[in-house]
Amino acid sequence: QTTIELICDEIPKEYLLIPLADMHFGLNTKEDYEQLKREIADRIMNGYEEILFTLHGDYFHVDNFKNTTEKGTRIDDVDFEQGIKDGYEFISGLLELALKYSPNVKLAYLKGNHAPSVDYMFMLLLEAKYPQIKFQGEIEEFKHMWLGPHSIFLHHGDKVKSPTKLHQIMTAKFRKEWGDSKSCYLITGHMHHEKSLSFAGVTWYQLQSPSKATSYEKDNGFNTSESGQMLFEFNETKRTAIYYI
């Protein structure tokens, strides 16, 4: 176990969401994400009342040594062992930095379609190593997390793609949380390109992915959208910024 000392005396009443969607480690290396990690770290060091990380699905590219997804689909040949090591080095440094600059750090696990089993076991390793972090590790498709007074509704985006249908699921499943929220945000990944829509009391964001294109995306012409990482900043009343890095 690792214990980290908080180094900030004054913490602004601001909140940061770091959704790590579709990172596809194994296909991507720590060197590919070196600049990305630095820019996330720079944002963390502003200091926040609360920081929420999400392992938003497909953190790793494959679910086993055979280079297949959960369903057994064989995809790009990757170095499975190195991918695990790179994924750990990337997030462990950011989690430790977050604990230095925020008194409240959370991490939520979401099932993806590429490597849900490996992602889950990886989350358990992080939970054992960082007892100061509050983990939401239930194996559920649809989740809710508080970020300050704001409700963050989470789904990878592969099982239900319609934001309208997701809105119905979230409001039915999390009625009390919805009613107690200052504002509501629905965050999905999976598609690797950005979309957003505000409707019926919620703002939906489909996230960009910083990953290089997979063989599937290349074969189907899905590798033409802008790639990148999105971070979301909030104050006590609303979302105040989206950072594209």
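**Pairs, rings and a sheet: the reasoning**

Mentor: Start on the surface. Arg74 is exposed, and Asp77 is exposed too. The model is predicted.

Trainee: What makes Arg74 and Asp77 a salt bridge?

Mentor: The closest N and O atoms are 2.5 Å apart. The cut-off is 4 Å, from a side-chain nitrogen of Lys or Arg to a carboxyl oxygen of Asp or Glu. The Arg74–Asp77 pair therefore qualifies.

Trainee: How many salt bridges does the structure hold?

Mentor: Ten. One of them joins the side chains of Asp32 and Lys212, at 3.2 Å from N to O.

Trainee: Why does the Asp32–Lys212 pair tie together separate parts of the chain?

Mentor: Asp32 lies in the loop between β1 (15–20) and α1 (34–44), and Lys212 in the loop between β9 and α6 (215–220), so the parts they join are 180 residues apart in sequence.

Trainee: What separates Lys176 and Asp180 along their helix?

Mentor: About one helical turn, because they are four residues apart in α5 (residues 175–180). Asp180, at 47%, is partly exposed. There is also a network: salt bridges with shared partners join Lys111, Glu141, Asp158 and Lys159.

Trainee: How do you know whether Leu55 is buried or exposed?

Mentor: Leu55 has 0% relative accessibility. The limit for buried is under 20%, so Leu55 is buried. This residue lies in strand β2 (residues 50–55). The residues that Leu55 touches, leaving out those up to four places away in sequence, include Leu20, Ile91, Tyr109, Phe122 and Met123.

Trainee: Which geometry do Tyr109 and Tyr120 show, and why is it called that?

Mentor: Edge-to-face. Their planes stand at 65°, and over 60 degrees counts as edge-to-face. The ring centres are 5.4 Å apart, and pairing needs centres within 6.5 Å. Tyr109 sits in strand β3 (residues 105–109) and Tyr120 in helix α3 (residues 116–129), eleven residues apart. Tyr109 is buried at 1% relative accessibility. Tyr120 is partly exposed at 23%.

Trainee: What other rings group together?

Mentor: Phe25, Tyr33, Tyr59, Phe60, Phe90 and Phe122 form one aromatic cluster. Tyr59 and Phe60 are both buried.

Trainee: What places Arg43 over the face of Tyr243?

Mentor: The distance to the ring centre is 3.6 Å. The limit is 6 Å for CZ of Arg, with a further limit of 35 degrees from the ring normal. Arg43 counts as lying over the face.

Trainee: Now the sheet. What is the strand order?

Mentor: β5-β6-β7-β9-β8, an open sheet of five strands with mixed pairing.

Trainee: Why do β5 and β8 count as edges?

Mentor: β5 (143–147) and β8 (195–199) each have a single partner strand, so one side of each lacks a neighbour in the sheet.

Trainee: How do you know that β6 and β7 pair?

Mentor: β6 (residues 150–154) and β7 (residues 184–188) share four bridges, in the parallel sense. At least two bridges are needed, so the strands pair. Phe153 has Leu186 as its bridge partner in β7.

Technical notes. Residues are numbered from 1 along each chain as its sequence is written. This is a predicted model: local features need pLDDT of at least 70, side-chain atom pairs count only at pLDDT 80 or more; totals for chains, interfaces and linings use all residues. Side-chain values use heavy atoms; hydrogens and water are left out. Buried means under 20% relative accessible area, exposed over 50%, partly exposed in between (1.4 Å probe, protein chains only). Contact means heavy atoms within 4.5 Å. Rings of Phe, Tyr and Trp (its six-membered ring) pair if their centres lie within 6.5 Å; planes under 30 degrees apart count as stacked, over 60 as edge-to-face and the rest as tilted.
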